[in-house]
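Dear colleague,

Please find the structure below, followed by a short account of what was found in it.

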Amino acid sequence: QVQLVESGGGSVQPGGSLRLACAASGFTVDSVAIGWLRQAPGKEREGVACISGMDGSSHYADPVKGRFIISRDNAKNTVYLQMNDLKSEDTAVYYCVTEVAGCGAGGFGSWGQGTQVTVSS
């Protein structure tokens, strides 16, 4: 059974850091692209970052470039999102998803349950 479980969300002050984890089961994280999406109240869902299954290349949305880093640990079958220099506009529920058609192609497969990230002073 394919399953994604996120962890690591929480509350942090502006300029702080958080690391989200997406633990996968039922498949290996190097077999498919895995992305992080976020949705803030009243806003459309947006892609944040994605790591390709085949070559491990990473892709980022412009608002997070230079601040967020996506990575994976094949031994732990987990994908991470390191978020640095957090801003209030990063506040959202973050989801990890399988991107079955590749990074940025829009074909989402499995979803995690989401984890809340709140950036506030």
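From the N terminus on, the elements run β-β-β-β-β-β-β-β-β-β-β, and the chain has eleven strands and zero helices; both are DSSP runs numbered from the N terminus, with at least two residues (E) for a strand and at least four (H or I) for a helix. This is a predicted model, in which local features need pLDDT of at least 70 and side-chain atom pairs count only at pLDDT 80 or more, while totals for chains, interfaces and linings use all residues. Residues are numbered from 1 along each chain as its sequence is written, and side-chain values use heavy atoms, with hydrogens and water left out.

Along the principal axes, the C-alpha atoms fill a box of roughly 40 × 25 × 25 Å. Of the 121 residues, 41% are buried (under 20% relative accessible area; exposed is over 50% and partly exposed in between, with a 1.4 Å probe and protein chains only).

Two loop residues deserve mention. Asn77, between strand E7 (68-73) and strand E8 (78-83), has a positive phi near 55°; Asn77 counts as buried because its relative accessibility is 14%. Asp85 lies between E8 and strand E9 (92-99) and has a positive phi near 50°; at 38% relative accessibility, Asp85 counts as partly exposed. Most residues other than glycine have a negative phi.

With kind regards
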